[in-house]
Amino acid sequence: MNDKAFFASVVHLIAELQDDSETVEPLRDPVRGPEVNLFDAGLLESLTVVRLLRAIETEFGVQVPVERYGMEDFFTLRSIRQVVEPLLSGS
């Protein structure tokens, strides 16, 4: 899966968690969107990260071993991609 498709899928999941697709508009920018800090932007907090991880696991058919990662691994779309990508390839 390419970056654009992955980011679009995660943005969609975040929009569902927010119950508002307009709040995720900054994430749709192909250049800046992957680098937006999701916590600073008010799109995630510690509890919604858990919900997002469950949604990612369902969406992509992976199991995220959360004990390996810190909160900073889920700050941006790009950092989430770095966590999930090896799981998609089975590495």
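Are F6 and F60 buried or exposed? Both F6 and F60 are buried, where buried means under 20% relative accessible area, exposed over 50% and partly exposed in between (1.4 Å probe, protein chains only). The model is predicted, so local features need pLDDT of at least 70 and side-chain atom pairs count only at pLDDT 80 or more, while totals for chains, interfaces and linings use all residues. Residues are numbered from 1 along each chain as its sequence is written, and side-chain values use heavy atoms, leaving out hydrogens and water.

**Aromatic pairs**

- The whole structure holds four aromatic pairs (rings of Phe, Tyr and Trp, the last by its six-membered ring, with centres within 6.5 Å; planes under 30 degrees apart are stacked, over 60 edge-to-face, the rest tilted).
- F6 and F60 are stacked, at 5.1 Å centre to centre and 25 degrees between the planes.
- F6 belongs to helix α1 and F60 to helix α2, so their pair ties together parts 54 residues apart in sequence (helices are DSSP runs of H or I, at least four residues, numbered from the N terminus).
- Y69 and F74 have ring centres 6.2 Å apart and planes at 75 degrees, so this pair is edge-to-face.

**Nonpolar core**

- The largest nonpolar core has 26 residues (buried Ala, Val, Leu, Ile, Met, Phe, Trp, Tyr and Cys joined through side-chain atoms within 4.5 Å).
- Two or more core residues come from each of α1 (3–18), α2 (46–60) and α3 (77–89), and α1 gives the most, with eight.
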